[in-house]
Amino acid sequence: TLSPEEAYRRIDELLSNNDNCQLPCWLGIFPRQSNLLDIQEQLMKLESISSDSYFGFPKEHWLEASQTIPYPDNNILIEIQSSYLTHKDENNVYVIQFSTRAYTNNYDFVYDSDGYNDLLGAYTLSGVLTTFGVPDRIFIKSELTSEDTYPGWWGFFYINLWYPNKGIFMEYQMLVDGSGINYRFCPKNAFISGTLIPPGLEDNYPETLINLGSEYQNYFSASPFVKTPEEAFGMTTEEFYQLFLSSPGRCLETPKEIWWP
């Protein structure tokens, strides 16, 4: 087990050294290449700074290992949660899922933290687009509330970037401003999460994603809560890509009438 200082330094190196651990690698673990012993070693190294760690707990037909790291940055905590899944009869990692967020000591979420964006810069929407190019698919998903039920709070929008041939499925969660005729949200102020699978499974990746949980079902069936960039913004996937290459801090607007009720 590393000391806390060494463990935080290792997190910094793993998140910034993209030549040695570029997606779909996550924190030094590679889908299909890393095995259960690699995961166990990784969890043990970071045990001094983790808030919880699990290894070998069953999840339906998966074996699971997971770890949560609270990373302090000035007056906020950046939480990094990682899960590593493998089939029960196999030894190598098959799926990696991670989620991140920032919050204060009072557990209020912070969506515009400079420290968060600095630590996770390679995984931001503009960072991933710059590194991996035009995604195969982009989805816009809404999770909205009734204006009468929660006045002044509108819910969330999500942007999903899918690179099936690379095994990369990224998601960005953003707060919504809905004070006008449009919903408005800013990818630069997003919480980042992802699902990573072995590259080269583009022919059967839908089955893999659906087996992970119901959250992926809406992407493979007609849903009023999921739209393409053309439906949501009137722009093609290529235009969306070019927009965030030239203007990484750009916010987006989409008409309320196409989402609600």
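The link of Cys186 and Cys251 is right-handed, with 100° about the S-S bond. In this predicted model, the disulfide that joins Cys186 to Cys251 has an S to S distance of 1.9 Å. Cys186 lies in the loop between β8 (182-185) and β9 (191-196), whereas Cys251 lies in the loop between α7 (237-246) and β11 (252-255), so the pair ties together parts that are 65 residues apart in sequence. Both Cys186 and Cys251 are buried.

The structure holds two disulfides. A disulfide is a covalent bond between the sulfur atoms of two cysteines. The other pair is formed by Cys21 and Cys25, and both of these residues are buried. When bonded cysteines are counted along the chain, the disulfides follow the pattern 1-2, 3-4. The table sets out the geometry of each link.

| Disulfide | S to S distance | Angle about the S-S bond | Handedness |
|---|---|---|---|
| Cys21 and Cys25 | 2.0 Å | -90° | left-handed |
| Cys186 and Cys251 | 1.9 Å | 100° | right-handed |

The overall fold may be described next. The secondary structure of the protein comprises seven helices and 11 strands. Its radius of gyration is 19 Å, close to the 18 Å that the globule rule gives for 261 residues, so the protein is as compact as a globular protein of that length. The C-alpha trace spans about 55 × 45 × 35 Å along its principal axes.

Of the 261 residues, 49% count as buried. Among contacts with a separation of 6 or more, 59% are accounted for by residues 24 or more positions apart. The protein exposes about 12,600 Å², of which carbon and sulfur atoms supply 46%. Finally, the protein has 15 positive and 35 negative charges, whose mean positions are 1 Å apart.

Terms used
Residues are numbered from 1 along each chain as its sequence is written. This is a predicted model: local features need pLDDT of at least 70, side-chain atom pairs count only at pLDDT 80 or more; totals for chains, interfaces and linings use all residues. Side-chain values use heavy atoms; hydrogens and water are left out. A disulfide is a pair of cysteine sulfur atoms within 2.5 Å. Buried means under 20% relative accessible area, exposed over 50%, partly exposed in between (1.4 Å probe, protein chains only). Helices (H or I, at least four residues) and strands (E, at least two) are DSSP runs, numbered from the N terminus. The radius of gyration is taken over C-alpha atoms; the globule rule is 2.2 Å times the number of residues to the power 0.38. Contact means heavy atoms within 4.5 Å. Accessible areas come from the Shrake-Rupley method with a 1.4 Å probe; for residues, only the protein chains shown count as cover. Lys and Arg count as positive and Asp and Glu as negative; His and the chain ends are not counted. The place of a charge is taken as NZ of Lys, CZ of Arg, CG of Asp or CD of Glu.
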